[in-house]
Each structure stands twice: as structure tokens, then as C-alpha cells.
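Visitor: I would like to learn how to read a structure like this one. Please show it to me and take the terms one at a time.

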Amino acid sequence: MRKKLITFTGGAALLLMHAWSQAATDLPPSAKVDMGPVEEVCSEFTDPEWRKEQVIDGVTIQESKLCNPDNPADIAAFVKGTNGVSMETLMSTQLAADAITMSDDFDGDGDPDKIIIKLEVVELNGHSPDIKEPTTTFDIAPGIQPTFWVFAPKTRDMSTKSLYELEANPLLRAPSPVIRVEQDDVVWLVLENTHYLPHSIHQNLCHQAAPTRHHVLPLPCATAYPYPNGLARYFRR
Ligand SMILES: [Ca+2]
Ligand SMILES: [Ca+2]
């Protein structure tokens, strides 16, 4: 009798499992759902024209499908110098007119070989005494905003993307892009301390302070050449 009972309960359990397995595969009928308008993947703050292949002042710039590619006008200015591009191109950047100056074709190949790059210091994720939130933000990871300083090309205009976006403009970032030059080019790096506090630049474990605002600091631990006005000095490499 007990054996029969076990057989009966086992059979009932199997029947139930069959019903459950039927229910699991018995999907509801498809329904049409209104998905709404398709959202743009990229922010509208970046001009979509920046992503296209183009030629600016003789510089061919490849297509980029990134949401925030480099400004093609910046690329042209970095290749030809801010003194080698048209005023229209320069005005499409946020670079100062003397940010990258190229001159002197020493080897006679048609390209300038003397390059003067002017840098300044910029605070990111810093706080003003009047405003609690950072004024020029830069995420080192999503939502992570420690305060730090960067060397940036000498710029003009706002440090943020716009009046309404406090994110740093793309020229202010870390790590910085690599400086690429040709062999035998003469490169001068000039730090212009446009800030009201002293700042320094380090190279090869050396240190030297830029004492006041508008002093121009040569990269240390190398021969410094006094500039005629006595305020500006350069480092030649
Ligand atoms: Ca040359
Ligand atoms: Ca060269």
C-alpha cells in the first residue's frame, strides 16, 4: 500500500512539473510598444562636421567616428603652427595666436624647423571661494574629480566648453598629448605663468619656481637664454 502511495505522489509531481514546464514556454503574445524618438548618441555640443575627413589650410585630417574627436582646426594649427594657419582657422580654435610658432627652414626641405610651444598652467576641478562646486571640471574616471593642475597650450577664451557646461574644454586635459617633431628640429618650450601664484615645471627631476605673474619660465636644468626685455626666458632643446 505504501509503495502504491509513493508511486501515486511521484506521478502527481511529474504531472505538475509538466504543467509548469508548459507555462514556462507558453510566452505571451507580442505587443507593439511605442519606443519614442531615437536619441542622439553624441552630445550636440560637438559639431558633427568635426568627424568628417577634411582638408584645412593644406592639412589633411582623417575621419573620426568618436563623439568628441579633436577639433580639426586645432589639428591644423598644431601641424602648421598658429602662425601658419589662416585667421579663420585660428578663430575656430581656442589657441592663443602665439601658442605654437614655427619658423626657420634650416634644412631647406620647405618645412619650418624651429618650433616654439608656449604652455600655461591651468587648475582643474578647483573651487572658487564664492562657488561650492568645481568651476572647470575634468573627470579622471566617471564622477571622480580631484583638484589638480595641468600644463596646457597657451589658450584664449573660456576654460569650459560653454557657459552652460562646466566641463573643461578639450585643450585642458590629462594626460597631455605627445609632442611630435622631426629629428634635428629645434624646439623651444616656454612656460608662461599667467596665474597669480608662482608655478614651476619639472623636467629630469629639476625644479625652478616662476616667481610672479607673467614671468616666463625656462625649463630648468638647462642653459637659459635671456629674452631681450629681461622678463622672458626660453629653454632650447
Ligand atoms: Ca625644414
Ligand atoms: Ca624639420
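Guide: Start with contact: two residues are in contact if their C-beta atoms, placed from the backbone, lie within 7 Å. This is a predicted model, in which local features need pLDDT of at least 70 and side-chain atom pairs count only at pLDDT 80 or more, while totals for chains, interfaces and linings use all residues. Residues are numbered from 1 along each chain as its sequence is written, chains are lettered from A and ligands numbered from 1 in the order in which they are written.

Visitor: Which residues is Leu 90 in contact with, leaving aside its neighbours within four places in sequence?

Guide: Ala 77, Thr 82, Val 85, Leu 95 and Ala 97. Across the protein chain, 38% of the contacts with a separation of 6 or more are between residues 24 or more positions apart.

Visitor: What does buried mean, and what share of the protein chain is buried?

Guide: A residue is buried if 20 or more other C-beta atoms lie within 10 Å of its own, exposed if 12 or fewer, and partly exposed in between; the C-beta atoms are placed from the backbone. Here 18% of the 237 residues count as buried. His 199 is partly exposed, because 19 other C-beta atoms lie within 10 Å.

Visitor: How should I read a nonpolar core?

Guide: It is a set of buried Ala, Val, Leu, Ile, Met, Phe, Trp, Tyr and Cys residues joined through C-beta atoms within 7 Å. The largest one has 11 residues, among them Ile 56, Ala 77, Phe 78, Leu 90 and Ile 100. Helix H2 (residues 72–80) gives the largest share of this core, four residues. Another core, of 10 residues, lies apart from it and includes Leu 119 and Ala 152.

Visitor: How are helices and strands assigned, and how many are there?

Guide: They are DSSP runs numbered from the N terminus: helices (H or I) of at least four residues, strands (E) of at least two. The protein chain has three helices and 11 strands. Seven of the nine residues of H2 are buried, so H2 is largely enclosed by the rest of the structure. Its cover includes strands S1 (54–56), S2 (59–61) and S3 (100–103), and helix H3 (87–91).

Visitor: Which strands does S4 pair with?

Guide: Two strands pair if DSSP finds at least two bridges between them. S4 (residues 114–124) runs antiparallel to S3, with four bridges, and antiparallel to S5 (residues 148–153), with six. With S6 (residues 186–192), S4 pairs in the parallel sense over six bridges. As examples, Glu 120 has Ala 152 in S5 as its bridge partner, and Ile 115 has Val 187 in S6.
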